[in-house]
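Have the viewer open while you read.

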Amino acid sequence: MPGTLSTLSDDYGYVILVGAGSFFVNMWLSRNVIKARKEFKVEYPAMYSDDSNEFNCVQRAHQNFLEMYPVFLSQLFIGGTNFPRLASGFGIIYLAGRVAYAKGYYTGEPKNRFRGRFMAIGLLGLLGLNIATGLRQLGFFATFPAREWGFRNC
Amino acid sequence: MPGTLSTLSDDYGYVILVGAGSFFVNMWLSRNVIKARKEFKVEYPAMYSDDSNEFNCVQRAHQNFLEMYPVFLSQLFIGGTNFPRLASGFGIIYLAGRVAYAKGYYTGEPKNRFRGRFMAIGLLGLLGLNIATGLRQLGFFATFPAREWGFRNC
Amino acid sequence: MPGTLSTLSDDYGYVILVGAGSFFVNMWLSRNVIKARKEFKVEYPAMYSDDSNEFNCVQRAHQNFLEMYPVFLSQLFIGGTNFPRLASGFGIIYLAGRVAYAKGYYTGEPKNRFRGRFMAIGLLGLLGLNIATGLRQLGFFATFPAREWGFRNC
């Protein structure tokens with residue numbers, strides 16, 4: 001059927017849903033900034049507060065998510081073409097790490113954001129899948145992982 | 001012909017052109033910041049002005065566009081694979097909303113940016129198309145919308 | 001083989017690897033900001049320094065990269081479907097321009113960032129490839145460049 005991603009495995013649907021799920025993480029982070037604007041009285045168009053470190057922590061948790069958003073989405077969608085299940089898994093780890101990062105940052109103590117540092121597993125995993133996808137497209141490892149190993153649908 | 005998106009409908013061309021169109025919206029927003037830098041004498045590398053709220057409104061109109069850019073582009077290009085015409089339409093609504101948002105913000109009165117709030121129709125529409133695309137890839141609704149209903153090429 | 005981008009030319013692998021390469025440019029820019037935070041004593045969550053222009057130059061070099069990241073990645077991956085070699089080439093020019101831009105900005109003299117202005121060749125090149133890809137998908141120029149001209153695999 002034209003219009004369907006017929007050359008990709010059905011599991012690519014998980015990849016797309018993880019991508020859509022990131023929308024809700026973004027919305028949650030954004031709503032927290034809006035609430036903090038009211039609490040700490042930071043009016044638009046000011047981006048950061050001159051005196052509330054706490055507000056700035058909330059703002060930075062969202063902004064840092066946004067800064068990594070392009071690379072996350074592109075690696076999810078590209079790496080997912082060849083490794084839809086692995087990419088979806090790494091994507092979920094990344095998004096969970098983003099929530100932990102924000103919750104840590106929201107304590108007002110910047111170093112607590114490192115509670116979400118396990119997001120790196122998701123991001124570096126996706127990077128690996130991207131490099132593997134690129135190399136496979138060029139003809140390297142075309143038969144790896146081998147079907148007989150049972151890794152084919154990862 | 002290899003190298004062409006042969007499994008996608010021809011209408012995907014509209015999706016790609018809407019994506020390219022966003023480049024020009026971005027350029028317009030960016031040029032307005034450069035002009036405002038001259039008018040309000042905000043020198044690089046300063047991002048915001050300490051005393052001109054008006055300049056900050058111009059800067060924020062662009063930055064807010066950029067903050068939503070990754071999610072917009074990814075949802076346009078993914079949702080467009082299954083629903084090229086709807087995705088293009090939602091994309092145009094979103095970009096028109098962006099222009100209205102900026103023109104409202106440029107008045108120097110932050111709440112006027114809500115003139116562009118109809119951009120949400122575009123963005124939430126694209127989100128819906130993405131979720132539908134993900135579910136269809138997984139095999140749900142594979143025959144919906146049914147061809148007999150005439151919705152096939154949306 | 002399902003899961004492989006079988007309708008795209010093998011050369012699309014170069015496009016994917018250029019995309020993955022941008023990850024490392026981002027990491028380099030990010031690491032430079034972390035180093036500068038220590039050198040100029042700018043603590044989290046502050047984004048910019050109130051008194052060090054030099055720090056702000058380092059921060060802006062990274063932020064400006066991030067601001068253009070969504071449009072760069074989407075145009076690379078979409079334009080690359082039809083013109084994988086040209087897109088990869090433009091992508092490399094863009095990333096090289098990004099490094100030159102940052103190195104110029106790091107001098108602490110904002111106008112030196114223009115050393116990287118040749119990045120525009122990469123970006124506008126990719127924009128052109130995107131518009132051409134969109135039009136070809138709609139059926140225009142479907143036979144251009146003609147095979148007999150030897151341009152087929154660009």
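Predicted model: local features only at pLDDT ≥ 70, side-chain atom pairs only at ≥ 80, totals over all residues.

Residues are numbered from 1 along each chain as its sequence is written, chains are lettered from A and ligands numbered from 1 in the order in which they are written, and side-chain values use heavy atoms, with hydrogens and water left out.

**Symmetry**

Two copies of a chain are related by a rotation about an axis and a shift along it. The copies touch through different surfaces, as 14% of the contact residues of chain A recur in chain B; contact here means heavy atoms within 4.5 Å.

**The two interfaces**

| Interface | Residues in contact | Buried area |
|---|---|---|
| Chain A and chain B | 29 residues from chain A, 34 residues from chain B | about 2700 Å², 69% on carbon and sulfur atoms |
| Chain B and chain C | 29 residues from chain B, 34 residues from chain C | about 2700 Å², 69% on carbon and sulfur atoms |

Buried area is the accessible area (1.4 Å probe) that two parts lose on being put together, summed over both.

How many salt bridges are there between chain A and chain B? The count is zero, taking a salt bridge as a side-chain nitrogen of Lys or Arg within 4 Å of a carboxyl oxygen of Asp or Glu. There are four residue pairs in polar contact across that interface, both partners at pLDDT 80 or more. A polar contact is a pair of N or O atoms within 3.5 Å; within protein, one must be able to donate a hydrogen and the other to accept it, and residues adjacent in sequence count only if both atoms are side-chain atoms.

On the side of chain A that touches chain B, α1 (12–39) and α2 (53–82) of chain A each supply at least two residues. Helices are DSSP runs of H or I, at least four residues long, numbered from the N terminus. The largest share of that side, nine residues, comes from α1(A). By class, the side has 19 nonpolar, eight polar and two charged residues. Ala, Val, Leu, Ile, Met, Phe, Trp, Tyr, Cys and Pro count as nonpolar, Asp, Glu, Lys and Arg as charged, and the others, Gly among them, as polar.

Turning to chain B and chain C, the tally is zero salt bridges and four residue pairs in polar contact, both at pLDDT 80 or more.

**Two residues up close**

N56(C) sits in helix α2 (residues 53–82) of chain C. Is N56(C) buried or exposed? With a relative accessible area of 8%, N56(C) is buried (under 20% is buried, over 50% exposed, partly exposed in between; 1.4 Å probe, protein chains only). Leaving out residues up to four places away in sequence, N56(C) touches P45(B), Y48(C) and S49(C).

S9(A) lies in the segment before α1 of chain A. At 18% relative accessibility, S9(A) counts as buried. A polar atom of the S9(A) side chain lies 3.0 Å from the backbone nitrogen of D11(A).
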